[in-house]
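Dear colleague,

I am passing on the structure below, together with notes on what I found in it. Please read the notes with the coordinates open beside them.

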Amino acid sequence: MNRPTPAPAPVTGRALARGGALLGVAMMVANAGNYALNVGLARWLSAADFGEATLLVTLFLTTTAVGLTLQMVTAREVARLDAGPDPDSADGLQRWLARRAALIGVALATALAVASPLLAGLFRMAHPLPLVVFAAGLPAYLALAVHRGGLQGRLGFGPLAASFVVEAGVRVALSVALVRIGWGVTGTAVGLTGSVVVAWWLARPARATASDRRSAVPLDHLAAVRRAAAPTVVLLVGQILVNNGDVLVAKAAFTPAVAGAYAAVALVGRAVFFATSSVVTTLFPAVARGDTDDRAHGRMLLVAVGVVGGVSLSLTAAAWLAGGQGLATALGPQYASLGHLLGPYALATSLFAVASLLAADDLARGRTEGPRLLLAAAALQTASLVLIHGSPGQVVGVQIGVMALLCGVMGRRAVVAARASRPRRPAPVVQHDAMPDMAVPDLAVS
């Protein structure tokens, strides 16, 4: 008789700290590589070609919304199953999700390839070939998102970190090599697609046996995936609106020069959010496992908020001190005119980073209030920016106000929940000295 596989031991704070630090360093290296590639493309390509390359990157960032949904749903369910009595079921669910993700990728790739001539004309591209090359990588990218979710759910932060570094390294090396030999925008597209394919190949799990492939995924697992998908989409849509809505409003409201300078401020200021994203990636599966009590979860969340807050405030202070000179050094002197907004923008992003952490914690625990609050704040910010956009300073001021409100509401909820989970001390029992029984004489009334 086969013995059931024992559930993994509860995760420790020290292991989380090591994994989070490793993942944080890897993501900083990957982001630095992507930033260096963008600077190189701006210098090597013509303005028109660089615009097309930026369009490809924008399309890639758009597809990350689908990819992150798949990754977070997979991470939550794999973490939950991996900590349960039947951790092998997590492997079957991951394979099932990866196959469905690849099919979604094929459908998206086919639609994009068919529409590439129309899109090329709409965006005034010289040729639709880069769009077709980019589309070819979508099935691998969405399957990669599922496999990364599996690594995240099992707290495999080492392989997860390696996948980000490898993807960025291959993208930079391949794109630079092809652009330098004259492939132009097509070389950039090949770099994007090639990096995703290589990262998918390395992140995929061991090949399943024939019986594993034929095994059906229990219906309750699929129902859990469907329940987790909706609030995950709510959270990610809110994040996308907050991270990109202001740039779109600035593009529509200001002159091209001012909008370009504002986009530079946003590019550097949003680094605060991405620099702290590894903390969310680390905390999410640890909470979703459900093997910690309320007090342990409270301590874990407090440490995570402290790390995000500390890193955010440090970067905000650096951005405030750097100002226009720092922006000119990073991107060029033509962007220094709005450098005074770099510090305030980083402050708004810091508030958003803390609120996003608390919303992701809610999502990991199966609650939907946090993601819904974040989406409501994103809608409020977008509507406010449409109404109030007289100057770039007003745009940043609106973001600070809305993000401060969101962070305050989310923080108050977290404090109230922590107090409610704190065990109450029993009332002290007063013990009296034992008294000997004494006979009470009858009192006769004469």
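In this protein, residues 24 or more positions apart account for 80% of the contacts with a separation of 6 or more, where contact means heavy atoms within 4.5 Å. This is a predicted model, in which local features need pLDDT of at least 70 and side-chain atom pairs count only at pLDDT 80 or more, while totals for chains, interfaces and linings use all residues. Residues are numbered from 1 along each chain as its sequence is written, and side-chain values use heavy atoms, with hydrogens and water left out.

The protein has 16 helices and zero strands; these elements are DSSP runs numbered from the N terminus, with helices being H or I of at least four residues and strands E of at least two. Of the 446 residues, 46% are buried, a term that stands for under 20% relative accessible area, with exposed meaning over 50% and partly exposed the range in between (1.4 Å probe, protein chains only). The exposed surface comes to about 22,800 Å², and carbon and sulfur atoms supply 67% of it; accessible areas are from the Shrake-Rupley method with a 1.4 Å probe, and for residues only the protein chains shown count as cover.

Helix H4 (residues 129-136) packs with helix H7 (residues 184-203) at an angle of about 5 degrees, their axes lying 8 Å apart; axes here are lines fitted to C-alpha atoms, for helices over the stretch in contact, and angles run from 0 to 180 degrees between N-to-C directions. H4 and H7 are therefore roughly parallel to each other, the class for angles under 35 degrees, whereas those over 145 count as roughly antiparallel, 65 to 115 as roughly perpendicular and the rest as oblique. On the H4 side the contact is made by Leu-129, Pro-130, Val-133, Phe-134 and Ala-136, and on the H7 side by Val-185, Thr-186, Ala-189, Val-190, Leu-192 and Thr-193.

Several buried side chains sit within helices. Arg-171, in helix H6, is buried at a relative accessible area of 7%, and, not counting residues up to four places away in sequence, Arg-171 touches Asn-34, Leu-37, Phe-60, Gly-191, Leu-192, Ser-195 and Val-196. Leaving aside neighbours within four places in sequence, Gln-399 is in contact with Val-242, Asp-246, Tyr-262, Tyr-345, Ala-348 and Gln-381.

His-297, in helix H13 (residues 294-331), is likewise buried, with a relative accessible area of 8%. A polar contact of 3.5 Å joins the side chains of His-297 and Arg-365 (a pair of N or O atoms within 3.5 Å; within protein, one must be able to donate a hydrogen and the other to accept it, and residues adjacent in sequence count only if both atoms are side-chain atoms).

Lastly, two loop residues: Leu-155, in the loop between helix H5 (138-153) and helix H6 (157-180), has a phi near 60 degrees, a positive value in a residue other than glycine. Gly-366, in the loop between helix H14 (342-364) and helix H15 (369-387), counts as partly exposed at 45% relative accessibility.
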